[in-house]
Amino acid sequence: PKAADRLGVVYTPNEIVRFMIESADWLCEKHFGRNLIDPQVEILDPATGTGTFICELLEHFRGQPKKLKHKYLEELHANEVAILPYYVANLNIEATYQAITGEYLEFPSLCFVDTLDNVEGLRKYKGHQHGLFGSVSEENVERIRRQNLRKISVVIGNPPYIRQERLAPFKPFFQARYASHHGVADLYLYFYEQGLRLLQAG
């Protein structure tokens, strides 16, 4: 509980996740003439936690096996910065895909990374993330680089909620990198700005 509070972890009920996915699918179809499962619609969960949004997306795509496989291997992306949820997410996502398809495939696009500091090929901000990047595997670094080259179409998830009072050590970083910084912003606001940055133009 203390770690969850420190990291702003709030697990989103599946009913809310399904509603958000169905709403995103409807909005994409209405405004862009495409559905989430369509080719070249790249989806990112920027703070995946234990992988609930990705798992529910797989369930949402059930019944379209060819498109589902392509989406799973090529166009679903997820980031997590806490190590335990990262490993749980990996297990949950792969188990969900196997339960739906009867086939085990490694999920190739789960990154152990801070989405808020994941821009232009792993640039490091002094004093922020350097130790983490020094410890992750080469495979993970390659996944991050690969994700940074993709044209993200949809950002969906539930970023962590951390009160601004707890962000004091990181405020110089946010001030330097985020236009939305105004000293009393919750972490949620920076995820919104980063999500907008990551979206493909048009």
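Biologist: In this predicted model, how are helix 3 and helix 5 oriented to each other?

Modeller: The axes of helix 3 and helix 5 come within 9 Å and cross at roughly 10 degrees. Angles under 35 degrees count as roughly parallel. Helix 3 and helix 5 are therefore described as roughly parallel to each other.

Biologist: Which residues of helix 5 meet helix 3, and what is the hand of the crossing?

Modeller: From helix 3, the residues that take part are Ile54, Cys55, Leu58 and Glu59, and on the side of helix 5 they meet Asn92, Ile93, Thr96, Tyr97 and Ile100. As for the hand, helix 3 passes helix 5 in a crossing that is right-handed.

Biologist: How is helix 4 oriented to helix 5?

Modeller: Helix 4, which covers residues 65-75, packs against helix 5 at an angle of about 165 degrees, and their axes are 12 Å apart. Because angles over 145 degrees count as roughly antiparallel, helix 4 is, relative to helix 5, roughly antiparallel.

Biologist: Which residues of helix 4 make the contact with helix 5?

Modeller: Helix 4 passes helix 5 in a left-handed crossing. On the side of helix 5 the contact involves Ile93, Glu94, Tyr97, Ile100 and Thr101, and on the side of helix 4 it is made by Leu68, Lys69 and Tyr72.

Biologist: How are helix 2 and helix 3 oriented to each other?

Modeller: Helix 2 (residues 14-32) and helix 3 (residues 52-60) have axes 10 Å apart and pack at an angle of about 60 degrees, and their crossing is right-handed. Their contact includes Val17 and Ile21 of helix 2 together with Phe53 and Leu57 of helix 3. By their angle, helix 2 and helix 3 are therefore oblique.

Biologist: How many residues apart are Glu42 and Arg150?

Modeller: Side chains of opposite charge can pair when their charged atoms come close. A search of the whole structure finds 10 salt bridges, and Glu42 forms one with Arg150, where the closest N and O atoms are 3.0 Å apart. Glu42 lies in strand 1, whereas Arg150 lies in the loop between helix 7 and strand 4, so the pair links distant parts of the chain, and the separation is 108 residues.

Notes. Residues numbered from 1 in each chain as written. Predicted model: local features only at pLDDT ≥ 70, side-chain atom pairs only at ≥ 80, totals over all residues. Heavy atoms only, no water. Axes fitted to C-alpha atoms, helices over the stretch in contact; angles between N-to-C directions. Helix = DSSP H or I, 4+ residues; strand = E, 2+ residues; numbered from the N terminus. Parallel < 35°, antiparallel > 145°, perpendicular 65-115°, else oblique. Left-handed = near helix turned anticlockwise from the far one by under 90°. Contact = heavy atoms within 4.5 Å. Salt bridge = Lys/Arg side-chain N within 4 Å of Asp/Glu carboxyl O.
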